[in-house]
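Here is a friendly walk through one protein chain. Keep the viewer open as you read, and follow the residues along.

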Amino acid sequence: MRLPEKGLTRGPRVNILVDGEPASAYVGESVAAALMADGAMRTRTTAGGEPRGLFCGMGVCFDCLVEVDGVPNTRACVTWVREGMRIDRQDGPGTAPS
Ligand code: FES
């Protein structure tokens, strides 16, 4: 929750794509925060189809892997949004871009 009345300010608004759909986020937010603000907690599924999302929130567990601008296995919790970023939820293990 953003609380500007409590002195918390946010950066400028940026336009991003989440699974191909336009969304907005704010400079200074992590990809994980942007995904949660977009209304979904799932970031990926395992090879067996089990949903995963944010767990540690600090770059340790690798549960939050997503594809960012075509790069799979990007940790959503330690990656910051930027204008024009494309974020795709990842199904199964990612493959290296060709
Ligand atoms: S939530 Fe653990 S690495 Fe991102």
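C61 sits in the loop between β4 (51–52) and β5 (65–68). Strands here are DSSP runs of E with at least two residues, helices are runs of H or I with at least four, and both are numbered from the N terminus. This is a predicted model, in which local features need pLDDT of at least 70, side-chain atom pairs count only at pLDDT 80 or more, and totals for chains, interfaces and linings use all residues. Residues are numbered from 1 along each chain as its sequence is written.

Beyond its neighbours within four places in sequence, C61 is in contact with F55 and C56; a contact means C-beta atoms, placed from the backbone, within 7 Å.

V66 has T74 as its bridge partner in β6. The hairpin of these strands has 2 residues between them, and D69 there takes a positive phi near 50 degrees. β5 is also joined to β7 (residues 86–91), again antiparallel, by 3 bridges, and E67 stands opposite D88 in β7.

## The nonpolar core

Which residues have the most contacts inside the largest nonpolar core? They are V31, L35, V66, A76 and I87, in a core of 15 residues. Such a core is a set of buried Ala, Val, Leu, Ile, Met, Phe, Trp, Tyr and Cys residues joined through C-beta atoms within 7 Å. The elements that give two or more residues to this core are β1 (13–18), α1 (31–37) and β5, and α1 gives the most, with 4 residues. Leaving aside neighbours within four places in sequence, V31 is in contact with V66, V68, A76, T79, V81 and I87.

## The whole chain

The protein has 1 helix and 7 strands, in the order β-β-α-β-β-β-β-β from the N terminus. Buried residues make up 22% of its 98 residues.

Conventions
Contact = placed C-beta atoms within 7 Å. Buried ≥ 20, exposed ≤ 12 C-beta atoms within 10 Å, placed from the backbone. Pairing = 2+ DSSP bridges.
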